[in-house]
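Please keep the sequence and the model in view while reading.

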Amino acid sequence: MASREEITVYEDEVRSRYSHLEKMTDLVAVWEVALSDGVHKIEFEHGTTSGKRVVYVDGKEEIRKEWMFKLVGKETFTVGVAKTKATINIDAVGGFAYEYTLEINGKSLKKYMENRSKTTNTWVLSLGGTDYRIVLEKDTMDVWCNGKKMETAGEFVEDGTETHFSVGDHSCYIKAVSSGKRKEGIIHTLIVDDREIPEVPSN
């Protein structure tokens, strides 16, 4: 029979080997998800001995399950103002190691963000010492600014359309003109106080 010292050494070895998987807080994964209403932080705690699962969205606890007999599985919740569906998948990858993947609207995070880069434009700017993140959803022409959907007014102009809105006392509009190339499609440009704002490049 192993002595208490030997067991302690073995436990210490196991603990140090898996310390990145099970810290005191059991935090195992952190993701940042850029949606129209802002960038959301998703944190996941997984106790690999108790099966505990805790999901935080922007620091707020959304799901807490203290004792789970099954260590693998999934947790589904919503993110942001539009209540976008998110799922964390927990898969065993051998031994006591687990892999955690995040899906948004049924797509892997990578696929979802790639798709978003095609369907949205994002601009980040500073006005009067305040930072603003402006997002255009190209399929609906909805405009979001710092997490709020803006009141907009669309108007046809000679070479395309303009979507007008205000940020504080600043007049803004997004101009949409055809690139003349099928692959590029329509080019959207943000103008604030008659100044063109560079778009944030998609990852």
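**Sheet, cores and confidence**

Four strands make up an open sheet, ordered S1-S2-S3-S4, with antiparallel pairing (strands are DSSP runs of E with at least two residues, and helices are runs of H or I with at least four, numbered from the N terminus; two strands pair if DSSP finds at least two bridges between them). S1 and strand S4 (60-65) stand at the edges with a single partner strand each, so one side of each lacks a neighbour in the sheet. S1 and S2 are joined in the antiparallel sense over 8 bridges, and Leu27 lies opposite Glu45 in S2.

This is a predicted model, in which local features need pLDDT of at least 70 and side-chain atom pairs count only at pLDDT 80 or more, while totals for chains, interfaces and linings use all residues. Residues are numbered from 1 along each chain as its sequence is written, and side-chain values use heavy atoms, without hydrogens and water.

The largest nonpolar core has 22 residues (buried Ala, Val, Leu, Ile, Met, Phe, Trp, Tyr and Cys residues joined through side-chain atoms within 4.5 Å; buried means under 20% relative accessible area with a 1.4 Å probe, protein chains only). Its residues with the most contacts inside it include Trp31, Ile42 and Phe77 (contact means heavy atoms within 4.5 Å). S1 gives the largest share of this core, 5 residues. A second, separate core of 15 residues includes Leu125, Ile134, Val143 and Cys172.

The mean pLDDT of the chain is 87 (the predictor's confidence in each residue, from 0 to 100).

Technical notes. Buried < 20%, exposed > 50% of the residue type's maximum accessible area, 1.4 Å probe, protein only.
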